[in-house]
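This report covers the ligand site and the nonpolar cores of one protein model.

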Amino acid sequence: MKKNKIFVACDSTNISKVEHIIKETTNPKIKFGYKFGLEFLNSKNGRSFISKLRNKIIFADLKLHDIPNTCISVIKAIKDLKVNYLTIHISSGLEALKAAKKVTGRVKLVGVTILTSLDDKSLKEIGFDKNIKKLIYHQAKLANKAKLDAIVCSAQEAKIVKKVFKKEIITPGIRFSSKANDQKRILNPKQAYKEGSDWLVIGRPITKGNIKKNIQILIDHLSQ
Ligand code: C5P
């Protein structure tokens, strides 16, 4: 049976908490990877913790959003961490995406589309005049042109992305039994896989409270 793939968002600055998350997230039905964002990577001991992690799929969610030269320098600066996935905002521009791709080597470069905490109203506020779906379709074409290895979008847009981007699709904004929190474009895990997500990113619905229980709820949901 093909395993469901999940990146657990380790959004904390607390090493023991992250160790606990990693220890508790084992299940024969799920392949787990671990996503570390700016919070953990900038915490006092976070970077060195990641550098010592072995035999885990590591996702560095740095969400680079900068000029080509700076993106290249950051990628070089974290080479020692040996992460498997690294994110860059597609809105950094084609030149930055191509430049980054040239130096990532074995690390999979993941293009972030529009954050799942934004909706059409938020886009208008920022000054974009395309709606989310059109913008993401456009960005997916750009990611394809830059030969990125994966895309982050909400599962609601996975089908649109698939039309023009044939590699991995990673979707945050996943909710199964808890509240939406700050996420706007959400789907449940079953729907997300059905829409074509390869990996789900799940943070709080797994890491808040009893992790083992949360995973069991997730598995029950998936097998319904
Ligand atoms: O707790 P929750 O499941 O909302 O966590 C989602 C994780 O995915 C967070 O670490 C967040 O930074 C990340 N993320 C996101 N939306 C994106 C890209 C990344 O929520 N578009």
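## Ligand surroundings

The ligand is surrounded by 16 residues (a heavy atom within 4 Å of it), and the closest are Asp11, Lys35, Thr116, Arg175 and Arg204. The model is predicted: local features need pLDDT of at least 70, side-chain atom pairs count only at pLDDT 80 or more, and totals for chains, interfaces and linings use all residues. Residues are numbered from 1 along each chain as its sequence is written, and side-chain values use heavy atoms, without hydrogens and water.

## Polar contacts

Polar contacts are pairs of N or O atoms within 3.5 Å. A ligand oxygen lies 2.7 Å from a side-chain N or O atom of Lys35; for Arg175 the distance is 2.8 Å, and for Arg204 it is 2.7 Å. Of the 470 Å² of accessible area that the ligand has on its own, the protein covers 88% (Shrake-Rupley method, 1.4 Å probe).

## Nonpolar cores

The largest nonpolar core has 64 residues, of which Ile6, Phe36, Leu86 and Ile206 touch the most other members. Such a core joins buried nonpolar residues (under 20% relative accessible area, 1.4 Å probe, protein chains only) through side-chain atoms within 4.5 Å. A second, separate core of 11 residues includes Phe59, Val112, Ile170 and Val201.

Technical notes: Buried means under 20% relative accessible area, exposed over 50%, partly exposed in between (1.4 Å probe, protein chains only). A polar contact is a pair of N or O atoms within 3.5 Å; within protein, one must be able to donate a hydrogen and the other to accept it, and residues adjacent in sequence count only if both atoms are side-chain atoms.
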